[in-house]
Amino acid sequence: YDATFAATACAAGIEVILIGDSLGMVLQGHDSTLPVTIDDMAYHTAAVKRGNKGALILSDLSFMSAATLEQTYQSCAKLMQAGAHMIKLEGGAWLAETVSLLAERGIPSCVHLGLTPQSVNVFGGYKVQGRGEEQAQKMLDEALALEQAGAALLLLECVPSELAARISRAVRIPVIGIGAGPETDGQVLVLHDMLGLSLSGHTPKFVRNFMQGQSSIVDAISLYTRSVKDQSFPAPEHEFSA
């Protein structure tokens with residue numbers, strides 16, 4: 001979320017930096033991501049850009065910053081001008097037209113499926129998504145539709161490992177997982193979570209504290225990088241079943 005940690009992450013071998021609206025919880029102290037504004041996202045994107053040493057910068061569209069197509073264009077322009085290389089949107093197949101129009105205008109997009117925190121009030125809490133064949137098939141169909149529309153990347157959060165593997169095999173674009181098992185093309189964690197920092201004291205099931213046993217933050221992030229690449233993380237205890 002800032003220049004110093006961006007430079008630190010790059011030194012540890014991180015290839016993609018996501019500036020997530022999770023900053024509302026870990027930096028601002030809110031109990032959800034909903035209060036975060038597009039100006040907040042642009043501010044932190046610009047800070048990360050100044051510390052970045054070659055990683056791809058992916059930045060979130062905040063809650064209700066893409067309520068209309070015109071607003072979506074304006075929000076994306078603000079983030080791209082701040083330094084983002086790609087924009088992340090939360091949603092489903094209903095975003096297909098938006099994704100297509102963004103691609104036509106030179107704005108690569110990542111679509112976030114599964115547990116989408118901006119919809120926490122619809123889900124009734126932070127719950128695993130895609131359990132049961134009907135939900136699983138719907139998510140697979142959405143992934144295929146979004147790929148067809150021009151999405152450059154998919155992010156799956158809190159979905160059964162079997163479903164994440166199924167989606168990863170079905171699409172040709174990269175799939176990144178968080179709480180989605182080991183068979184996606186990459187992994188993401190909230191920086192503060194993987195360093196063992198938590199305001200609430202709650203550690204999600206899919207998180208490992210990489211700071212344990214390490215002497216520096218660079219060492220901890222380097223361990224995370226190696227563990228993802230050698231597929232020792234996520235381990236079975238970090239997975240969700242169908």
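This is a predicted model: local features need pLDDT of at least 70, side-chain atom pairs count only at pLDDT 80 or more; totals for chains, interfaces and linings use all residues.
I began with helix α1 (residues 3–11), where Ala6, Thr8, Ala9 and Cys10 come out buried (under 20% relative accessible area, 1.4 Å probe, protein chains only). Helices here are DSSP runs of H or I, at least four residues, and strands are runs of E, at least two, numbered from the N terminus.

Numbering runs from 1 along each chain as its sequence is written, and side-chain values use heavy atoms, leaving out hydrogens and water.

Next I checked what α1 packs on: its buried residues meet β1 (16–19), α3 (38–51) and α10 (217–229), contact being heavy atoms within 4.5 Å. Just after α1, I found glycine 13 with a positive phi of about 95°.

Then I turned to the domains. The assignment (automatic or database) gives domain 1 (1–90 + 189–229) and domain 2 (106–188). I see 23 residues from domain 1 and 21 residues from domain 2 in the contact.

How much area is buried between domain 1 and domain 2? I get about 1800 Å², with 68% from carbon and sulfur atoms; this is accessible area (1.4 Å probe) that two parts lose on being put together, summed over both. On the domain 1 side, Met86, Glu90 and Phe206 supply 32% of the area buried against domain 2, more than any other three residues.

I looked for salt bridges across this interface and the rule found zero (side-chain nitrogen of Lys or Arg within 4 Å of a carboxyl oxygen of Asp or Glu).

Technical notes: Buried means under 20% relative accessible area, exposed over 50%, partly exposed in between (1.4 Å probe, protein chains only).
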